[in-house]
Amino acid sequence: FSDKVLKLMNRNYDAALLDRVLTRIRTLERPDQALISIGADIITGFPGETAEEFQKTVEGVKKYGITKLHAFPFSAHEKWESVPAAKLPEQIPFSQRKQRNAELLAIGDEVRNEFLAKNKGTKHKVLIEQKKWWTFHGRTENYIQVELDGEHKKGDIVEIVL
């Protein structure tokens with residue numbers, strides 16, 4: 001991740017702190033042996049973000065295994081209220097913001113698929129969240145979304161093998 005972009009975003013942390021925290025999370029060993037899912041919201045094409053800085057973001061998503069990625073292109077909200085970053089120099093063209101976002105989301109999908117593959121065949125508890133049509137939907141303790149047949153009710157905790 002880029003210190004320059006984090007500073008432009010007025011974040012109160014830098015890439016070194018992110019590295020320490022995410023490395024610690026990634027190396028935790030849970031008593032239930034479940035692999036840890038890490039989620040992140042990432043803005044692509046923030047004013048001043050160079051191609052090299054964007055690649056640092058891509059590398060970070062891969063390195064730390066960001067399995068629940070919410071990425072979106074920077075928007076100045078010009079039709080509604082404006083954000084302070086809309087006045088920053090080095091605005092990234094919208095087409096480039098969209099392209100970077102699509103690339104990052106594709107990489108996020110690859111990371112997520114690797115995470116799901118590592119979980120295949122493992123036992124998990126699922127919290128039943130809702131019923132849609134004929135199936136029940138819930139999430140494992142490490143945030144994998146699943147669909148289940150059978151009879152359950154909202155709030156049930158069911159053990160499954162992925």
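Strands β3 and β4 form a hairpin, with 2 residues between them. Helices (H or I, at least four residues) and strands (E, at least two) are DSSP runs, numbered from the N terminus. In the turn of this hairpin, Trp133 has a positive phi of about 55°, although Trp133 is not a glycine. Trp133 sits in the loop between β3 and β4 (135–140). Is Trp133 buried or exposed? Trp133 counts as exposed, because its relative accessibility is 71%. Here buried means under 20% relative accessible area, exposed means over 50%, and partly exposed lies in between (1.4 Å probe, protein chains only).

This is a predicted model, in which local features need pLDDT of at least 70 and side-chain atom pairs count only at pLDDT 80 or more, while totals for chains, interfaces and linings use all residues. Residues are numbered from 1 along each chain as its sequence is written, and side-chain values use heavy atoms, with hydrogens and water left out.

Now follow the strands. β3 and β4 run antiparallel and are joined by 6 bridges. Two strands pair if DSSP finds at least two bridges between them. Look at Val126: it stands opposite Thr140 in β4. How many residues of β4 are buried? The count is 6 of 6, so β4 is largely enclosed by the rest of the structure.

β4 also pairs with β5, in the antiparallel sense, over 4 bridges. Gly138 has Val146 in β5 as its bridge partner. These two strands form a hairpin as well, with 4 residues between them. Tyr143 lies in that turn and has a positive phi of about 70°.

β3 has another partner, β6. The two run antiparallel, with 5 bridges joining them. Lys125 stands opposite Glu159 in β6. Which residues of β6 (residues 157–161) form its covered face? They are Val158 and Ile160. The uncovered face holds Ile157, Glu159 and Val161. In a regular strand the side chains alternate between the two faces of the sheet.

Next comes helix α4 (residues 94–119). It has 26 residues and reaches 37 Å from its first C-alpha to its last. That is close to the 38 Å expected at 1.5 Å a residue. The expected span is 1.5 Å times one less than the number of residues. Buried residues of α4 include Arg97, Arg100, Asn101, Leu104, Ile107 and Gly108. Further along, Val111, Arg112, Phe115 and Asn119 are buried too. An α-helix has 3.6 residues a turn, so residues three or four places apart point the same way. What covers the buried residues of α4? The cover includes β1 (38–44), α3 (51–64), β2 (66–73), β3 (123–132) and β5 (145–148). After α4 comes Gly121, whose phi is positive, near 85°.

Ala71 shows one part of this cover at close range. Ala71 is in strand β2. It counts as buried because its relative accessibility is 9%. Not counting residues up to four places away in sequence, Ala71 touches Ile42, Asn101, Leu104 and Leu105. Contact means heavy atoms within 4.5 Å. Ala71 and Ala40 are 31 residues apart in sequence, yet 8.0 Å apart in space, C-alpha to C-alpha.

Gly45 counts as buried because its relative accessibility is 0%. Leaving aside neighbours within four places in sequence, Gly45 is in contact with Phe74, Ile92, Arg97 and Arg100. Gly45 and Gln91 are 46 residues apart along the chain, and their C-alpha atoms are separated by 8.1 Å.

Glu90 belongs to the loop between β2 and α4. It is exposed, with a relative accessible area of 54%. Its phi is positive, about 60°, although Glu90 is not a glycine.

Finally, take in the whole chain. It has 4 helices and 6 strands. Along the sequence they follow the pattern α-α-β-α-β-α-β-β-β-β. The C-alpha trace spans about 55 × 35 × 25 Å along its principal axes. Of the 162 residues, 36% count as buried. Among contacts with a separation of 6 or more, 66% come from residues 24 or more positions apart.
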